[in-house]
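Biologist: I would like to learn how to read a model of this kind one feature at a time. Could you take me through it, giving the general idea before the particular case?

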Amino acid sequence: MRKITFFLVFALIGMSLCSCQKAVFDDEEEGLGDGVKLQFHITQFEQVPFDVADATRGTDIRKICPHLNFAVYQSGERVKQINQTSSEGNFGSFNLSLKPGQYQLVVLAHSSEENPTMTDPCKVAFTNKGKVTDTFGYGDTITVTNDSAYHIKLKRLVAMVRLQTTDTVTREAKLVRFYYTGGSSTLDAMKSVGCVNSKQVASFDLTSDMVGKPATFDIYTFPKADNKGLNLQVTTHDSKNNVLVQENISNVPIQRNMITLYKGRLFNRNADSKGDFNVDLNSDDEWTTDEHPF
């Protein structure tokens with residue numbers, strides 16, 4: 001299994017939050033105040049990202065997940081949230097002070113245009129421009145007693161469906177739209193599963209430089225605990241938003257940290273004909289394939 005190790009302040013071991021050590025703070029460090037002083041460092045991501053199959057340990061994770069969200073809750077109520085972008089010098093490192101006690105900790109890394117709504121650790125919602133992207137995260141309960149430093153390993157939380165066309169983009173096609181149900185755009189971060197029956201939409205503009213070439217489209221979702229796959233509708237549209245082609249795919253198999261790959265014709269066929277799509281289910285570490293014609 002290939003992993004990306006992300007060192008931020010000093011050499012840290014790539015373990016989950018169970019890795020804890022005595023923290024060293026500057027007595028005059030700003031913003032910490034009274035209470036137990038804590039340091040949190042993102043030290044490792046679970047695997048090579050979906051779209052960088054040949055990435056190495058030197059891959060800059062900032063380019064893949066440029067947004068980090070860090071939130072602390074007590075008895076389900078949020079007491080602190082810190083949002084970071086990859087342009088910040090302290091990206092991946094969080095310092096704060098808390099009163100002794102038990103807390104819930106949620107950390108997310110993603111490339112969504114907007115930060116998710118994080119008022120409830122069991123219902124972290126990506127909405128509007130904040131659609132679900134390749135997302136890594138961590139959620140657990142910690143007991144705060146003494147000044148400590150925590151080293152956090154994030155795991156991938158999403159499944160991906162990738163559609164690769166075996167034909168080429170036509171001049172009249174201007175947009176591809178995916179409408180899908182069966183997954184979730186809302187995350188129970190404490191259980192690492194989707195928790196809402198979402199109706200998700202993803203649209204992709206087709207530019208002039210794409211004409212005459214095959215195309216690839218990726219969509220993401222949080223698999224639910226009762227995962228039964230996705231029902232997917234794919235449509236191509238012209239400049240007036242008229243539907244040129246519609247493809248309905250039922251029971252799309254999905255799994256956390258896996259790619260479900262469909263290949264077939266999408267543009268160069270009649271609206272009533274089948275696209276002859278096939279599906280491959282791929283993992284990131286071992287590219288095993290389970291093909292299902294339909």
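Biologist: In which loop does lysine 224 lie?

Modeller: Before the answer, please keep in mind that this is a predicted model. Lysine 224 lies in the loop that runs between strand S16 (216-221) and S17.

Biologist: How should I read the charge of lysine 224, and which side chain of opposite charge is nearest?

Modeller: A salt bridge needs a side-chain nitrogen of Lys or Arg within 4 Å of a carboxyl oxygen of Asp or Glu. Lysine 224 is buried yet has no salt bridge, and the nearest side chain of opposite charge, that of aspartate 226, is 4.3 Å away. Setting aside neighbours within four places in sequence, the residues in contact with lysine 224 are Gly182, Gly183, Ser184, Val193, Gly194, Val196 and Asn197.

Biologist: Turning to sheets, what is the strand order in the open sheet of 4 strands, and is the pairing parallel or antiparallel?

Modeller: In general, the strands of a sheet pair through backbone hydrogen bonds, and they do so either parallel or antiparallel. Here the order of the 4 strands is S15-S12-S17-S18, and the pairing is antiparallel. Strand S15 (199-205) and strand S18 (243-252) are the edge strands, each of which pairs on one side only. From one strand to the next, the twist averages 15°.

Biologist: How many bridges join strand S17 to S18, and which residue in S18 stands opposite leucine 232?

Modeller: Strand S17, which covers residues 230-237, is joined to S18 by 7 bridges, the two running antiparallel. The residue in S18 that stands opposite leucine 232 is isoleucine 249.

Biologist: What is the strand order in the open sheet of 3 strands?

Modeller: That sheet has the order S8-S13-S14, with antiparallel pairing, and its edge strands, each pairing on one side only, are strand S8 (124-125) and strand S14 (193-194). Between S8 and strand S13 (residues 186-188) there are 2 bridges in the antiparallel sense, and alanine 125 stands opposite threonine 186 in S13.

Biologist: Why does threonine 166 count as exposed, and where is threonine 166 found?

Modeller: A residue counts as exposed when its relative accessible area is over 50%. Threonine 166 counts as exposed because its relative accessibility is 55%, and threonine 166 is found in the loop between strand S11 (159-165) and strand S12 (175-181). Residues up to four places away in sequence aside, threonine 166 touches Lys263, Gly264 and Arg265. A polar atom of the threonine 166 side chain lies 3.4 Å from the backbone nitrogen of arginine 265. Threonine 166 and proline 214 are 48 residues apart in sequence, while their C-alpha atoms are 6.1 Å apart in space.

Biologist: Is phenylalanine 70 buried or exposed, and which residues does phenylalanine 70 touch?

Modeller: Phenylalanine 70, whose place is in strand S4 (residues 67-74), counts as buried because its relative accessibility is 0%. If residues up to four places away in sequence are not counted, phenylalanine 70 touches Phe40, Lys80, Gln81, Ile82, Phe94, Leu96, Leu105, Val106 and Val107. The C-alpha atom of phenylalanine 70 is separated by 6.6 Å from that of leucine 108, a residue 38 positions apart along the chain.

Biologist: How many helices and strands does the protein chain have?

Modeller: The protein chain has 0 helices and 21 strands, and 49% of its 294 residues count as buried. Among its contacts with a separation of 6 or more, 71% are accounted for by residues 24 or more positions apart.

Technical notes:
Residues numbered from 1 in each chain as written. Predicted model: local features only at pLDDT ≥ 70, side-chain atom pairs only at ≥ 80, totals over all residues. Heavy atoms only, no water. Pairing = 2+ DSSP bridges. Axes fitted to C-alpha atoms, helices over the stretch in contact; angles between N-to-C directions. Buried < 20%, exposed > 50% of the residue type's maximum accessible area, 1.4 Å probe, protein only. Contact = heavy atoms within 4.5 Å. Polar contact = N/O pair within 3.5 Å; in protein donor to acceptor, adjacent residues only side chain to side chain. Lys, Arg positive; Asp, Glu negative; His and termini not counted.
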